[in-house]
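Biologist: Could you walk me through this one slowly? I'm new to reading structures.

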Amino acid sequence: MMEIGLNHYLALSAILFAIGLVGVMRRKNLLLLFLATEILLNSVNIAFAAISHYYGDLTGQMFAFFVIAIAASEVAVGLGLLIVWHKRHGNIDLDKMSTMKG
Amino acid sequence: MELYLYIALFAPLVSSLFAALFTATPKKMFTGVVASLLIISAFVSSTILLVHILTGGEIVHVELMTWMATGGLYIPFGFVVDQVSVTMMMVVTLVSSVVHVYSVGYMDHDKGFNRFFSYLSAFVFSMMVLVMSDNFAGLFIGWEGVGLCSWLLIGFWYHKESATWAANEAFIMNRIADLGMLIGLFLVYWNTGTLQYDEAFAAMPSLDTDILTWMGIFLFIGAMGKSAQFPLHTWLADAMEGPTPVSALIHAATMVTAGVYLVVRANPLFDLIPHVGLFIASLGAFVAMFAASMALVNRDMKRIIAYSTLSQLGYMFVAAGLGAYWIALFHLMAHAFFKALLFLGAGNVMHAMHDELDPFKMGGLKKPMKWTFIMMTLASVALAGIYPFAGFFSKDLILEVAFAQHHFILYAVLLFTAGLTAFYSFRLVALIFHGEERYKLFGIHPHEAYKFMLIGMSPLLILAIIAGSFKMTYFEMVTAVLPDTEYHIHSHLVFWIMTIGTQLFVGLSILYAYKKYANNKITVPDGTSKMENSFAYKMLFNQYYIPYIYEEYLVKPYRELSTVFWEQIDLKIVDASVDGIAGIVYGTGEKTRDMQSGNLSTMLKWMVAGTIGLLSLAVVFGLAARYSDEIKAILSGLGV
C-alpha cells in the first residue's frame, strides 16, 4: 500500500481549493457562496497542517486554528448580514445585489 | 543723505500700493491727494539731494541688498545719486508731481480714478529705479517696469478697442527693442565680467573695437525702442490713446527719454566708438526732420505734439551721438518741462472740447481759456527755441555742436527742422486759440480747467521760461562725470550770424503759421481742397504710409505664418499627440468599465483571473531566474 505523504495532502488541498474557487465564481446563492468560502479556507488549513507536520514545526497548525476562529466569526457576521438582507429584499440572489454598480 | 535717497525711491512705490488698495472701490479723492503728496515728498527729497550734490557733496551710493550672487555673477540692488542721475531724478519727480496734481482734476469724472493713481505712481517708481540704479541689471528692471506701466496706462480705457491696440503695439515694439538691449547687456557681461557701471566702463578701453561696436549697437537698439526712433517710432503717436496726463508724463517728459539717458549713461562706451555715435547722430537728425514733417499736416492735436516729441528726441540723439552728452541731457531736461506743459495744456483743451482732438474744429479758444492759451503759447515759444526761453539755450547748443564738429549736413537738417518745429507748433496754437470760433458749429461750450490744475501747471511754465539760465550751473555740475567738451564757434561773426539767423528763420516760420492759420477763413477740411489732394500732403498725412507698410508687409504675413503654425503644427502635432494620449486613457476606461458592474460574482471572477495571471507570471519569472544559465546557453546556440 502506498504511503500517504505530504504530496497527497497538498494535492487534496489543491483540489479542495479549486472546488471552492469554482463555487465562489459560479454560485449565485449567497449562502452557498459562504459554503464555498469555507471550503477555500479549509483547503488552506489542510495545507498548513500537513506542511507543519512535515517540518515538525507547530506554527502552521497554530495558524490553522487562527483561520478556523476567524472563519467562524466571519460566518457569524456574514450570516447576520445575510438574514437582514433577506428580510429587506426577500432574496439572497447575487445578481440582484448590484447597488455598487460603477 | 541716504534717507533722502530711500524716500525719493520708495515714496512712489508706497503711493502706488496705497492707491492699489482702493482700485476696486469707487472714486476716492484722498487716493489722489495721498499719491500726490507722496510724489511731492519724493520731489522734495530729490531737491535736497540736488542741493547736496550741487554744493560739492559726495556722490550718494547705497547697496540695498544682494540680488544675485552665483559663481562669478554678483548683482546687488545698488542705487547711486550722482550728477547725472540727480538731474534725471529732478526731471522725473518734478514732472510727475505736476502730473499727479493735474490728474486729480483731469481724472475727476473717471471711474478708474484710484486705479489711475496706482499705475501712475508705479510708473514713477520704475522710472526712479531706472535712473538711480548703479548697474545695467537694475536699469533693465526699471526699463521693463516703465514699459509695463506704459502698457497699463496707454490701455487705461481698456474698453476702447483702439486703446488696447495701441497699448499692445507699444508693448510689442518695445519688446523687439528690448531683445537688442538684452543682447547688449549680455555682451557687456561676457566681455567685462560685470554689470556695475563703473567697473564695466573701466574695463572697456582694453577691449576689441569690434566687440565694443556690437555692444554699442545693441544697447542703442534698446534705446531706439524706448525713445521711439525710426523704424520703431509708430507706437509713440498711437500711444496718445492713453489719458493726456499719461502722455505728458510718460510719452513726452520721462519714459521716452530713457533711451537718451542710456546713451548718456554709457558715454565711456560711446566715446570709444565714434562711428556708432555718428550713426546715432545721423539717425537722430533724420528722425527730427521726419517726425516734424509728419506733424505739419496732422489733424490730431495730441499726435502733433507726439511727433514733436519724437522730433526733439532726435535732437537729443544728435547731441549724444556727437559726444555732447551734457547738451543732450540739458535738452532732455528743458524739453521735459515745456513738452509736459504743452501736453497738459492740450489736456485742458480736450476737456473743454469734450474730447475733440481736431484743432480745425476749435478756433478762438483764447477767450474762454485765457490761462491755457498763455501757457500753451509760451510752451510753444520755448519749443520753437526763441530767446530767452528754455528751448533756445538747449537747441541752439545742439546746432552749435553740429556746426563746430563740421557736420554741416546734420546742421542744415536740424536748422530746417527748427523752422518746421516753429511752424507746426504755431499752426496748432493758431488753430486752437485764434481765428473764428468754429466750435460753435458743433454746439460745444468750452470752459477753463480747475484753478488748482492751472496752479499745478505753473512750475512747469516757470521752468519752461527760465530753465535756460541754469545752463552754467548745470554745466559745472554734470561735467564732473560727463566729458566737459565745450563747443565754440571760432569766429564771433559766424556765431552771431548763426544765432540771429536761426532766430529770424524761426520767427518767420511762426509768423507764416499765424498768417496761414490764425485768420477767419479757416474751415474744417473736407478733403476737397487742392492741398489735401496733393501727393506730398497725402504722404505726410498717412505718416509716409509706414503704418500701412508695417500692416501689409509685417503684420499680415506674420499673422498668416501664425495661422499656418497653428493649423499645421499646433493642431496637427502638438494637440493631436496630447489628445491622443488622453483618448487612449479614455478608451481603456470606456472599455473596461464593464468590469465594475457591481455584480459580486463577476467581480470575483475577475479577481480570480487576475490572481491566476499574476501567479503564472511569478511562476514564469521564477523559472526563468532558476534556469537563466540554460536559457542563455540555448539562445547563444541559436546565434542570437
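Modeller: Let's begin with two helices of chain B: the axes of α15 (residues 325-352) and α17 (residues 390-404) come within 9 Å and cross at roughly 150°. An axis is a line fitted to C-alpha atoms, for helices over the stretch in contact, and angles run from 0 to 180 degrees between N-to-C directions. Helices (H or I, at least four residues) and strands (E, at least two) are DSSP runs, numbered from the N terminus. This is a predicted model, where local features need pLDDT of at least 70 and side-chain atom pairs count only at pLDDT 80 or more, while totals for chains, interfaces and linings use all residues. Residues are numbered from 1 along each chain as its sequence is written, and chains are lettered from A and ligands numbered from 1 in the order in which they are written.

Biologist: What does that angle make α15(B) relative to α17(B)?

Modeller: Angles under 35 degrees count as roughly parallel, over 145 as roughly antiparallel, 65 to 115 as roughly perpendicular and the rest as oblique. The axes cross at roughly 150°, so α15(B) is, relative to α17(B), roughly antiparallel.

Biologist: Which classes of residue make the contact of α15(B) with α17(B)?

Modeller: Contact means that two C-beta atoms, placed from the backbone, lie within 7 Å. On α15(B) the residues include Phe330(B) and Phe337(B), and on α17(B) they include Phe393(B) and Leu397(B). Ala, Val, Leu, Ile, Met, Phe, Trp, Tyr, Cys and Pro count as nonpolar, Asp, Glu, Lys and Arg as charged, and the others, Gly among them, as polar. The tally is 10 nonpolar, 3 polar and 1 charged.

Biologist: Is Ser425(B) buried or exposed?

Modeller: Ser425(B) lies in helix α18 (residues 408-433) of chain B. A residue is buried if 20 or more other C-beta atoms lie within 10 Å of its own, exposed if 12 or fewer, and partly exposed in between, with C-beta atoms placed from the backbone. Leaving out residues up to four places away in sequence, Ser425(B) touches Ser308(B), Ser380(B), Leu383(B) and Ala384(B). Since 30 other C-beta atoms sit within 10 Å, Ser425(B) is buried.

Biologist: How many buried residues does strand β1 of chain B have?

Modeller: β1(B) covers residues 60-70 and is hardly covered. Its partner is strand β2 (residues 73-81) of chain B, running antiparallel and joined to β1(B) by 9 bridges; strands pair if DSSP finds at least two bridges between them. Among the 11 residues of β1(B), the count of buried ones is 0.

Biologist: Which residue in the hairpin of β1(B) and β2(B) takes a positive phi?

Modeller: Val60(B) has Val81(B) as its bridge partner in β2(B). The hairpin has 2 residues between the strands, and the one with a positive phi, near 55°, is Gly71(B).

Biologist: Where is Ala228(B), and is it buried or exposed?

Modeller: Ala228(B) has a positive phi of about 55° although it is not a glycine. Its place is in the loop between α8 and α9 of chain B. With 28 other C-beta atoms within 10 Å, Ala228(B) is buried.
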